[in-house]
Amino acid sequence: MKYNHFGELLYELRTMCKLTQGEVSDGICTIRQYCRLEKGEYYPRINILNGLSKKFNINLHNYFELYFSNESVASIKCKLEFNKILENNLAEELPMIIEEFKKHLDFTIKENCQMILYARALHSFYFDRNFEQTIELCMEALNLDKKDKIDIKKNDNLLYNNIELSIWNCLGSCYGALDKNEEAIQIFSSMKEVIESRINGFDDIKLVSIYEKKIYELVLYNLASSYMLESMLAPALELTEKGIMFSITHNNIRFLPNLMIRKFELLCMLNEMKKAEEVHRTTIELLKLVNIDGKYEKQIKKLEKIYNECHNLK
């Protein structure tokens, strides 16, 4: 079924569950707020979205993804190509996909327009190494259709869709690259809080999307890295171990090698060499196991470099 606005979906879910508006809103928001939601007068903040997701036992964040997206063949094709480029680290092909985006009117609406700006930001980050320009592109994307401009120091949990989470992550990485770790920590900490509120909002982890699991591991890694640069080694190690445990528990190992390498590096910095040796052996075995077509060759070399540097300091 095609909905004209988010409230129509809420109405259908509520009537299917045979609940009153008061019963749905209880513990989440006021009845007046909920009535306005069903009328399509405004979109919920993330805390309300989390509460409604739990109430109906459905991931409403995924609906936001569909609702803000234009489902034409053109947009779907471009998005698939874009995701393929990101998955295979083919950032040099970003200009090509940007030009493809621009050919279609579909990419004038909010999320699709954000995708163009995100692609340009990634190219600026990885190839031009122009971090100031990347920040400008990220902020332009995040401020689309917003009355009040985004303030990174007052992140109000207004992170609704996956592309915005990706843009925030890019923004945090930029500040880290500029040695502005305070801003990077602020961004990654806010992202961690937002994603954990999504994940913890479901009794069944299967309702959490694959993307949310991936971005959660990446945010934990990036936040740990930012803490490490500030010599906050204990919280950096705690976050890294949390990421490793999440990756293993949910069988989502894309970032596991990098998390394991980070843990080894932190243990060396903390001079816990016995634990570091154990992690080194485990990580080498893991990397050799997943190193299909030399995909993790760089990580293996990086690990050995850190290992040799640690031993030279002993």
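User: Which helix is asparagine 222 found in?

Analyst: Asparagine 222 is found in helix H12. Helices here are DSSP runs of H or I with at least four residues, strands are runs of E with at least two, and both are numbered from the N terminus. This is a predicted model, in which local features need pLDDT of at least 70, side-chain atom pairs count only at pLDDT 80 or more, and totals for chains, interfaces and linings use all residues. Residues are numbered from 1 along each chain as its sequence is written, and side-chain values use heavy atoms, with hydrogens and water left out.

User: Why is asparagine 222 called buried?

Analyst: Its relative accessibility is 11%. Buried means under 20% relative accessible area, exposed means over 50%, and partly exposed lies in between, with a 1.4 Å probe and protein chains only. Asparagine 222 therefore counts as buried.

User: What does asparagine 222 touch, leaving aside neighbours within four places in sequence?

Analyst: Asparagine 222 is in contact with Asn169, Ser173 and Phe188. Contact means heavy atoms within 4.5 Å.

User: Why are H10 and H12 called roughly parallel?

Analyst: Two packed helices are described by the angle between their axes and the distance between the axes. Helix H10 (residues 162-177) and helix H12 (residues 210-229) pack at about 15°, with axes 11 Å apart. The axes are lines fitted to C-alpha atoms over the stretch in contact, and angles run from 0 to 180 degrees between N-to-C directions. Under 35 degrees counts as roughly parallel, over 145 as roughly antiparallel, 65 to 115 as roughly perpendicular, and the rest as oblique. H10 and H12 are therefore roughly parallel.

User: Which residues make the contact between H10 and H12?

Analyst: From H10 come Asn162, Leu165, Ser166, Asn169 and Ser173. They meet Tyr211, Ile215, Leu218, Val219 and Asn222 in H12. These residues divide into five nonpolar, five polar and no charged. Nonpolar covers Ala, Val, Leu, Ile, Met, Phe, Trp, Tyr, Cys and Pro; charged covers Asp, Glu, Lys and Arg; the others, Gly among them, are polar.

User: Is alanine 224 buried or exposed, and how do you know?

Analyst: Alanine 224 has a relative accessible area of 0%, so it is buried. Alanine 224 is also in helix H12. Not counting residues up to four places away in sequence, alanine 224 touches Ala236, Leu239 and Thr240. Its C-alpha atom is 8.2 Å from that of glutamate 238, 14 residues apart along the chain.

User: What makes tyrosine 175 count as buried?

Analyst: Tyrosine 175 has 12% relative accessibility, so it counts as buried. Tyrosine 175 lies in helix H10. Beyond neighbours within four places in sequence, its contacts include Ile135, Ile152 and Lys180. The C-alpha atoms of tyrosine 175 and glutamate 132 are separated by 8.9 Å, although the two are 43 residues apart along the chain.

User: Why is lysine 18 called exposed?

Analyst: Its relative accessibility is 74%, so lysine 18 counts as exposed. Lysine 18 lies in the loop between helix H1 (6-16) and helix H2 (21-25).

User: Where is serine 231, and what makes it exposed?

Analyst: Serine 231 is found in the loop between H12 and helix H13 (233-249). At 59% relative accessibility, serine 231 counts as exposed.
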